[in-house]
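User: I would like to go through this structure and see what the labels rest on. Please set each value against its cut-off.

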Amino acid sequence: MRLFTPLTLASLILAAPVAAREAPSPARLKDSVTTLAAFGTRHSLSTTTDPKRGIGAARNWAASRFAAIGRDCGGCLTVERISRRFVGPRAPNGVVIEDVLGIQKGTDPNRYVIVGGHIDSMRSDVMDSVGDAPGANDDASGVSLVLEAARILSKEKFAATIVYAVFSGEEQGLWGGTLLAQTAKARGWQVDAMLNNDIVGNSIGQGGLKVADRVRVFSEGIRADESLAEAMERRAIGGEDDGPSRALAKAIDGVAQALPGKFDAFVDRRPDRFGRGGDHEPFLAEGYPAVRFTSAVENWDRQHQDVRTEGGRPYGDLPEAMDFDYLAHVTAINVGTLARLAAAPAAPVAVSVSGALSRDTTVAWKPVPGATAYKVYWRRTDRQDWADSRTVTGATETLLKEVPVDDNFVGVSALSAGGAESLVTFAGRAPRR
């Protein structure tokens, strides 16, 4: 795998001011993963009182890292710990699940972007909360990415609040994700995007297959919370590939394409790996745009396995099985995406198109607070990616000449004064008068 100098890595991050922004550090990422693995186990039912072992000590350490980042940036980052008791098949007697949050307040009081990873780990026996479960790639990799993103982005100011989330209880039932998603809903947060990072630090998969040039980004196409009426409207207008979470995945792909190094964001067009799940799913259930980052290839011998060697074959989720240059690439894409969306206005709402029985299409949308311009996209209905665009200033309507509505999809994004761009909102039918 190509090794990157600090100068080269610095160019891997998108959104202003790129030249001044520090690059993700493979060494720092490795140090965080190694520290987390050294807590022995981080099982959600493990000890919370031992100062050196168990999930309690690990969460305290994560909180201390956020606090240190906050001190370094003059208090721009604050620490919050939210908790609730959950009961389920993997915790029949119940367990208090706690999320550790680093919160970087933006200038807009109600807009949020969230990046998260889960701190809990698991052995071969999910009910074993005592034995060693280092959980390096699953998911100390995601937690280390979150901490590194906080360290880098805390040096900047944004319109939206960034929430850096360290979840617990993922292995017991996505409880940490559920806790934060429901907290966000109860507090009335407008969540513009949620990035879940789970198993993002290996480039060697099962059987020795190496894939070091891409990361998978899983996204739903149609909103999980869509009502029957909304589903029928979706059926009528198309847009199955243009829901908010798919728009987020496409934006991430655009960030990755703009970075040097040819490290791709592979847009995987399903909510998660086949038959599996992650902490982004509770956010989808609440109607928030959310995606999951996961390594291009997985090594199942290194997931949910007791550390051992059998027949010369190693098992167990250890730091030495990871690729920290690969993890730095994934971190760079996360940082670029967070910076873009946190600096941008909110995505437009109520975008509509009209033009039946015409060769031209009229596009209209409601004004977005803080937007200085808008970008109108369109593509033929037999394509997945936007093919053409137009920037519109001083108006919330435009006419696309010789772009028939029958054969084209349309979307609109909002732009800040600095050029930061929101997600693209798919255009529906104009209200009947």
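User: Which residue in S8 is the bridge partner of Phe218?

Analyst: The bridge partner of Phe218 in S8 is Arg292. This is a predicted model, in which local features need pLDDT of at least 70 and side-chain atom pairs count only at pLDDT 80 or more, while totals for chains, interfaces and linings use all residues. Residues are numbered from 1 along each chain as its sequence is written, and side-chain values use heavy atoms, with hydrogens and water left out.

User: What makes S6 and S8 a pair, and in which sense do they run?

Analyst: Two strands pair if DSSP finds at least two bridges between them; strands (E, at least two residues) and helices (H or I, at least four) are DSSP runs, numbered from the N terminus. Four bridges join S6 (residues 214-218) to S8, and the two run antiparallel. S5 (residues 190-197) also pairs with S8 over four bridges, in the parallel sense. In that pairing Asn197 has Phe293 as its bridge partner, and Leu195 stands opposite Val291.

User: Why is S8 called largely enclosed?

Analyst: Buried means under 20% relative accessible area, exposed over 50%, and partly exposed in between (1.4 Å probe, protein chains only). Six of the six residues of S8 (residues 290-295) are buried, so the strand is largely enclosed by the rest of the structure. Ala290, Arg292 and Thr294 point one way, and Val291, Phe293 and Ser295 the other way.

User: Where do S1 and S7 stand in the sheet?

Analyst: The eight strands form an open sheet in the order S1-S2-S4-S3-S5-S8-S6-S7, with mixed pairing. S1 (77-88) and S7 (264-268) stand at the edges with a single partner strand each, so one side of each has no neighbour in the sheet.

User: Why are H2 and H10 called roughly perpendicular?

Analyst: Axes are lines fitted to C-alpha atoms, for helices over the stretch in contact, and angles run from 0 to 180 degrees between N-to-C directions. Under 35 degrees counts as roughly parallel, over 145 as roughly antiparallel, 65 to 115 as roughly perpendicular and the rest as oblique. The axes of H2 (residues 26-37) and H10 (residues 324-343) cross at roughly 105° and come within 9 Å, and H2 and H10 are therefore roughly perpendicular.

User: How do you know that Cys73 and Cys76 form a disulfide?

Analyst: A disulfide is a pair of cysteine sulfur atoms within 2.5 Å. The S to S distance of Cys73 and Cys76 is 2.0 Å, which meets that cut-off. A search of the whole structure finds one disulfide. At 22% relative accessibility, Cys73 counts as partly exposed.
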